[in-house]
Amino acid sequence: MKWKEEMMIKQPIDKVWELFLDENAKILYPKLEDHVLVENQNNEIGAKHAQSYKEGKQLQTYVVETVGLEDTPTKKLRHTRFQMNGLFEINYKFTLDKKSENETLFTYEGSQKGLTLTGKMMLLAGSKKRRQETVRDFMQRVEMKAEKTTSE
């Protein structure tokens with residue numbers, strides 16, 4: 001299962017990019033309890049973080065690796081990958097393209113791949129509409145938080 005969505009954010013590229021830095025992870029992910037560096041350095045390829053999420057009463061921890069990073073004045077990219085419960089491999093890629101001083105094109109793409117027969121069946125059984133809502137909600141959160149950080 002793959003997705004790719006784009007949105008124009010009326011904020012400078014550097015303001016939007018701040019949200020994707022490791023030290024600001026909790027801003028974009030409200031269920032994130034911890035984002036702890038376990039290997040290499042923050043904001044570099046090869047960085048690995050133990051992330052803990054609260055799902056109901058359960059605390060789930062994954063090791064998230066930064067597998068791609070680009071930071072130029074006109075283009076910024078962060079690509080992360082992790083495995084969830086040995087069932088899925090999840091990739092997220094966030095790309096920011098500077099369109100003007102106060103306009104940034106935000107592209108969010110990703111994939112979920114079943115690693116086992118159970119994982120594949122779970123992905124097939126999942127709701128496409130719900131996944132699309134999750135992607136849209138995340139993009140709207142990025143837009144809202146980018147606007148908030150510029151007004152502070």
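# Questions on the predicted model

User: Where does Asn 85 lie, and is it buried or exposed?

Analyst: Asn 85 is not a glycine either, and its phi is positive at about 55°. Its place is the loop between S5 and S6. Because its relative accessibility is 52%, Asn 85 counts as exposed.

User: What distance separates the C-alpha atoms of Pro 30 and Gln 51?

Analyst: Pro 30 belongs to the loop between helix H2 (25–28) and strand S2 (32–39), and it is exposed, with a relative accessible area of 61%. Pro 30 and Gln 51 are 21 residues apart along the chain, and their C-alpha atoms are separated by 12 Å.

User: Which residues are in contact with Thr 95, leaving aside its neighbours within four places in sequence?

Analyst: Thr 95 sits in strand S6 (residues 88–100) and is buried, since its relative accessible area is 8%. Contact means heavy atoms within 4.5 Å. Leaving aside neighbours within four places in sequence, the residues in contact with Thr 95 are Lys 75, Lys 76, Leu 77, Leu 105, Phe 106 and Thr 107.

User: What kind of aromatic pair do Phe 82 and Tyr 92 form?

Analyst: The whole structure holds 14 aromatic pairs, in which rings of Phe, Tyr and Trp (its six-membered ring) have centres within 6.5 Å, with planes under 30 degrees apart counted as stacked, over 60 as edge-to-face and the rest as tilted. Phe 82 and Tyr 92 are 6.0 Å apart centre to centre, with 50° between the planes. The pair links distant parts of the chain, for Phe 82 is in strand S5 and Tyr 92 in strand S6, ten residues apart. With its 50° angle, the pair is tilted.

User: Which element gives the largest share of the lining of the largest pocket?

Analyst: A pocket is an open set of points on a 1 Å grid over the protein atoms alone, where a 1.4 Å probe fits, with protein on both sides within 12 Å along at least five of seven lines, and lining residues have an atom within 4 Å of a point. The largest pocket contains about 1500 Å³ of space, a volume filled by probe spheres set on grid points that are joined across faces, edges and corners. Its lining has 44 residues, and the closest to its centre are Glu 55, Met 84, Tyr 92, Gln 112 and Thr 134. The largest share of the lining, eight residues, comes from H4.

Technical notes
Residues are numbered from 1 along each chain as its sequence is written. This is a predicted model: local features need pLDDT of at least 70, side-chain atom pairs count only at pLDDT 80 or more; totals for chains, interfaces and linings use all residues. Side-chain values use heavy atoms; hydrogens and water are left out. Helices (H or I, at least four residues) and strands (E, at least two) are DSSP runs, numbered from the N terminus. Buried means under 20% relative accessible area, exposed over 50%, partly exposed in between (1.4 Å probe, protein chains only).
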